[in-house]
Amino acid sequence: MTRTTRRDFLVLTALALTGIGVAGCSADEGQGGATDDAPLAVPLDGSRTLIAYFSVPLTDSPDGMNQDEENSTHVVDGEVLGNTQYVAQLIEARTGADVFRIETAADLPLDFPVLEEQALQEQESGTRPELRALIPNLDDYDTVFVGYPIFWYDLPMPLYSFLEQHDLGGKTIIPFSTHGGSRLSGTVEIITELLADSTVVGNAFTISRDDMDDAESEVGTWLDSLNA
Ligand SMILES: Cc1cc2nc3c(=O)[nH]c(=O)nc-3n(C[C@H](O)[C@H](O)[C@H](O)COP(=O)(O)O)c2cc1C
């Protein structure tokens, strides 16, 4: 990630805040949740299925949020969730799958510019942040939904840690993400390259942080499309 792309994202954020569309800023084409309509035989009854996600809500208080905190959260019945965390919960509600939260061993900064800078430096140096825990019972699962926010047009670096430190070979991987304008930003291709021995579903889900009110219906439509 270069300083040029850093500026691009800052411009993109500013455009989003002013309500100006950002179509065309992303590597991914199309609108809506799914990347394509290819049907897929995935058991979505929750059996042997795990939802693993990374999410960084910048506050846990629903009151008096600043713009950065609002951008990173979705409030349900007074409970503050990260955007990706919320999508993970929607998938859990529909499938009954188990859930694993991917967390870094070190607490992340919750001040947006500080988090931004740390994420950029980790990306530029190829850092694999230490994870708080690994999935202890991966053998119990054949299908793993993998969820993440887009960081700097890429996977957050803790996702690289996660994907490299688990043996996901032979499993079906279903990516989903939330973003601030960059959509999937080539991350499905990255996951496919990293997990050469897994079946990575191309029909991934992505939703803008600005459209979280539509997430429940979009997730439902997407899950249906996986087995249509
Ligand atoms: C460090 C950082 C970098 C980000 N970079 C991008 C980006 O390159 N493109 C984009 O569309 N959104 C970017 N975003 C916005 C997040 O992808 C978006 O707000 C997401 O919904 C956050 O999900 P979460 O609440 O689950 O963490 C970035 C956010 C952070 C914190």
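I will begin with a contact between two helices, where Tyr-86, Val-87, Leu-90, Ile-91 and Arg-94 of helix 3 meet Ala-215, Glu-216, Val-219, Gly-220 and Leu-223 of helix 7, contact being taken as C-beta atoms, placed from the backbone, within 7 Å. The residues of this contact divide into 7 nonpolar, 1 polar and 2 charged, where Ala, Val, Leu, Ile, Met, Phe, Trp, Tyr, Cys and Pro count as nonpolar, Asp, Glu, Lys and Arg as charged, and the others, Gly among them, as polar.

This is a predicted model, in which local features need pLDDT of at least 70 and side-chain atom pairs count only at pLDDT 80 or more, while totals for chains, interfaces and linings use all residues. Residues are numbered from 1 along each chain as its sequence is written.

Helix 3 and helix 7, the latter being residues 215-226, pack at about 55 degrees with their axes 10 Å apart; helices here are DSSP runs of H or I with at least four residues, and strands are E runs of at least two, numbered from the N terminus. Axes are lines fitted to C-alpha atoms, for helices over the stretch in contact, and angles run from 0 to 180 degrees between N-to-C directions.

As for confidence, the mean pLDDT, on a scale from 0 to 100, is 86 for the protein chain, and 81% of its residues reach 70 or more.

Technical notes:
pLDDT is the predictor's confidence in each residue, from 0 to 100.
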